[in-house]
Amino acid sequence: MIIEKLKEEHKDILAIANKISADMEGATDNETAKALLETIGQLGALLVEHLEIEDDYLYPILAQRPQQEVRETASRLLAEIEDIKKVFLEYVAKWDSPETIVQSHSGFMSESQSLIKALGDRIAKENSELFPLADESYS
């Protein structure tokens with residue numbers, strides 16, 4: 001089922017985010033920052049695919065479920081997805097080169113930590129609130 005695929009992707013997203021978190025402090029030269037940008041690119045590719053599945057399949061289906069709690073939770077979390085997408089796209093646009101990361105390293109680290117926290121919080125909400133409701137609504 002789609003929920004299992006999304007749960008697996010959550011693990012992958014968190015693994016890549018943790019790698020970024022672990023590597024970002026050392027990104028003080030262009031070569032290291034370039035490698036970190038490749039990891040950020042991997043996160044972006046996975047995140048875009050993941051959010052498309054949620055947007056196109058999961059949330060529309062849940063919004064039509066007969067259980068009011070499922071519909072309300074899906075609507076609330078869907079609205080929050082737009083915030084995550086926007087923050088991530090702004091982040092990627094701002095930190096688009098190794099030179100930018102190296103020149104403003106402390107700002108990069110701060111924004112990266114905020115983004116990683118937002119992703120982790122979002123995943124935790126889906127895992128603890130949405131996915132159990134989705135499983136129940138299909139049983």
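Mentor: pLDDT is the predictor's confidence in each residue, on a scale from 0 to 100. The model is a predicted one, and the mean pLDDT of the protein chain is 91, with 97% of its residues at 70 or more. Confidence is lowest in helix 3 (residues 68-94), where the mean is 87, and highest in helix 4 (residues 98-103), at 98.

The setting comes next. The protein chain holds five helices and zero strands, and from the N terminus its elements follow the order α-α-α-α-α. Along the principal axes, the C-alpha atoms occupy a box of roughly 55 × 20 × 20 Å. Of the 139 residues in the chain, 38% are buried. Among contacts between residues at least 6 apart in sequence, 77% link residues at least 24 apart.

The part to examine closely is the packing of the first two helices. Two packed helices are described by the angle between their axes and by the distance between those axes. For helix 1 (residues 2-23) and helix 2 (residues 30-63), the angle is about 155° and the axes lie 10 Å apart. Because angles over 145 degrees count as roughly antiparallel, helix 1 is roughly antiparallel to helix 2. Their crossing is left-handed. The residues of this contact comprise 14 nonpolar, four polar and seven charged.

Asn-30 is partly exposed, its relative accessible area being 36%. Beyond its neighbours within four places in sequence, Asn-30 is in contact with Pro-98, Glu-99 and Val-102. Asn-30 and Glu-52 are separated by 22 residues in sequence and by 32 Å in space, C-alpha to C-alpha.

Leaving out residues up to four places away in sequence, Ile-81 touches Leu-51, Glu-54, Asp-55, Tyr-59 and Arg-122. Ile-81 and Ile-3 are 78 residues apart in sequence, and their C-alpha atoms are 17 Å apart in space.

Technical notes:
Residues are numbered from 1 along each chain as its sequence is written. This is a predicted model: local features need pLDDT of at least 70, side-chain atom pairs count only at pLDDT 80 or more; totals for chains, interfaces and linings use all residues. Side-chain values use heavy atoms; hydrogens and water are left out. Axes are lines fitted to C-alpha atoms, for helices over the stretch in contact, and angles run from 0 to 180 degrees between N-to-C directions. Helices (H or I, at least four residues) and strands (E, at least two) are DSSP runs, numbered from the N terminus. Angles under 35 degrees count as roughly parallel, over 145 as roughly antiparallel, 65 to 115 as roughly perpendicular and the rest as oblique. A crossing is left-handed if the near helix is turned anticlockwise from the far one by less than a right angle, and right-handed if clockwise. Ala, Val, Leu, Ile, Met, Phe, Trp, Tyr, Cys and Pro count as nonpolar, Asp, Glu, Lys and Arg as charged, and the others, Gly among them, as polar. Buried means under 20% relative accessible area, exposed over 50%, partly exposed in between (1.4 Å probe, protein chains only). Contact means heavy atoms within 4.5 Å.
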